[in-house]
Amino acid sequence: MCFLPFFAAPGLQNKKQRREQILLDSAAEVDSRSFLAVFAVALLSCIITVQLGIPTAQAQSSTATISGSVVDQAGSLLVGAKVTAINPATGGQKSVSTNNNGSFVIPFLQPARYIIKVQQKGFSTAEIKNVELDTNNQVELKIRLKVGELSETVLVEMSDSLTKSESAAVSTVLGQRLIETMPLNGRSFQSLVALVPGVVLTWSDAGNEGQFSVNGQRADSNYFTVDGVGANFGAGLSSYDLGGTSPAISSTGGTNGLVSIDALQEFSVQTSTYSAEFGRASGGQVSVITRSGSNKFHGSVSEFFRNDALDANDWFANRQGLKKPPLRHHDFGGVFGGRIIKNRTFFFFSYEGLRLRQPVVALTRVPSLALRQTAPAYFQPLLNAYPIPNGRILSATRAEFTDIFANQRTIDTTSLRLDQRISDRLNLFGRYNYAPSQSIQRGSTALSQLVRTSSKIETLTLGVTQNFTAQSANEFRFNYSTSRTFSDTSMDDYGGAIPPPESVLYQAPFASAQDSSFSFSIDNASIGVSKSGSRQRQLNLVDNVSVFRGTHHLRFGIDYRRLSPIRTTDKYGQRISTTGTLALRGIASTVTISSSLSDVFPIFTNFSAFGQDTWTITPKLTLTYGMRWELNPLPR
């Protein structure tokens, strides 16, 4: 038996709906030839699995493996001993028997605490408690049985039996217990990434969303996965982001839109020398695992609160004689998980909401009153769009404007995960995540410019894990995700500014505020109006094969990803740049006019295949080697 991907996608709506509504109305278009190619490869891998009796594993593995050997008191290897891994939280268990070499392997275990029980006729039952598994762990046990009755149970100290197999990968794993006890500003796991050796935080804005560099590489060279599927489907406003180089982040700049911190089981960051099953990017490999329910009902609520009533006034506000800027920070939410059917069906629900008013004390430079009065008539409406100076006069053309205000940010992240244990050999799970967010902030150089950015992230992930025999299993992942971003830049009357009429900004009837942009800059202080948006759509299929033969652990896998972004473009765009000196003479230093006839609909396909072997030559020597093939054709 093997699981093959079948899917369908709705069609695109007509073009006139592709601007502001494009972020709500567009849907995925599936290329039939790409689908047939992936289907054929998946079918071939399934045939190989059935013919060779090969177990399947997932690339970007989100599971762990327990292996080892069973010996008697004299150190002789025992054949046919039954080894069972039990998850007390869900009641799930997996059993295998030692082979002719007295060794065993239990793959595809979810990160959790396990009880390992070993039984053999003529020997007492051995039991090891609290064997904790993390993501990508390969834990090796050497279990010694004592002669006795099978009904007699002997508790074995974990420290006497446990050996964590060393990997050449340089990685850091942070679990749920550590995450819960750490104070995180912003309630996002980016703060945890900064703890990893070799990671340096980088400057980030709308056009650079990478946020951190690993070992000096580009910030957009990192690859994120959530529950084993790709999370690099960010819909940034930069055209460079359309190719899946950045993770999907909310308009607040956090990863809360992918996974709330309270719904995170653990995450790992591999920074170098990772095995062939990891790839698609040359930087860090960030793997995130979400929490699932258990037989016991657990829940929690949280509220992170800050208010300016508890803070002193900003030093710069005091210096300018300004009152305390408003600060309101409410990050609230909760999680609840448990069972629907004992030992069979489990659920885990999480919600996180953010309401933030972030204080800003701004000191900017604006056109002086003298310049506004003496400049030519066609420049005056643009100069009056800046706030009226209320500070020092710096020159004949420039003066200071200072004030306090608060930028606003909101986010609502809701997710639901369902886990179904059909049997000890067949497990299913599904997770849906919905995260709209919005930010409203004033321009950094011209405070009369208002930028409204909205974002919406949706993900659906389905997974199947099936053990055919003690040495054979299959794991398959399907994911469809969308990320939408829309930005609306406008001018208002903040600080006494007078927004210019549309007739000053556009050349009617060729352009209007609905499909055009305008930008004016004087002495590097910019104002303008524009509307832009993009939507990223990801289809990700993952199916891989693992083989356990003696001291060899072979892995083979495929990973197909299809990105079909939609980016709106301006029908007409005009950008004017000048200086105060030139403006007095009615001269612009540069004028740029652009136009576009249609929106952009590129399609990116990525296909990866790998094969590797982890060979335990001796208990103290393990050799890992493999190859990976990446196929990234030109976008079309």
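Which backbone oxygen lies 2.5 Å from a polar atom of the side chain of Ser213? In this predicted model, that atom is the backbone oxygen of Gln217.

**Ser213**
- Ser213 is a residue of strand β12, and because its relative accessibility is 9%, under the 20% limit, it counts as buried.
- When residues up to four places away in sequence are not counted, Ser213 touches Gly198, Val199, Val200 and Thr202.

**Nonpolar cores**
- The largest nonpolar core comprises 28 residues, and those with the most contacts inside it are Phe189, Leu192, Phe267 and Val288.
- Two or more residues of this core come from each of α5 (190-193), β12 (212-214), β13 (223-226), β15 (264-272) and β16 (285-290), with β15 giving the most, at three residues.
- Val288, leaving aside its neighbours within four places in sequence, is in contact with Phe189, Thr225, Val226, Asp227, Val259, Leu264, Glu266 and Phe267.
- Another core, of 27 residues, lies apart from this one, and its members include Val366, Leu371, Leu382 and Tyr386.

**Second largest pocket**
- The second largest pocket holds about 1,300 Å³ of space, and its lining is made up of 49 residues, of which Asn87, Ala89, Thr90, Ala112 and Ser292 lie nearest its centre.
- Strand β20 (residues 398-423) gives the most to the lining of this pocket, contributing four residues.
- By residue class, the lining of the second largest pocket divides into 19 polar, 15 nonpolar and 15 charged residues.

Definitions and conventions
Residues numbered from 1 in each chain as written. Predicted model: local features only at pLDDT ≥ 70, side-chain atom pairs only at ≥ 80, totals over all residues. Heavy atoms only, no water. 1 Å grid on protein atoms, 1.4 Å probe; cavity = no way out; pocket = protein on both sides within 12 Å on 5 of 7 lines; lining within 4 Å. Points joined across faces, edges and corners; volume = space filled by probe spheres on them. Nonpolar A, V, L, I, M, F, W, Y, C, P; charged D, E, K, R; others polar. Core = buried A, V, L, I, M, F, W, Y, C linked by side-chain atoms within 4.5 Å. Buried < 20%, exposed > 50% of the residue type's maximum accessible area, 1.4 Å probe, protein only. Contact = heavy atoms within 4.5 Å. Polar contact = N/O pair within 3.5 Å; in protein donor to acceptor, adjacent residues only side chain to side chain.
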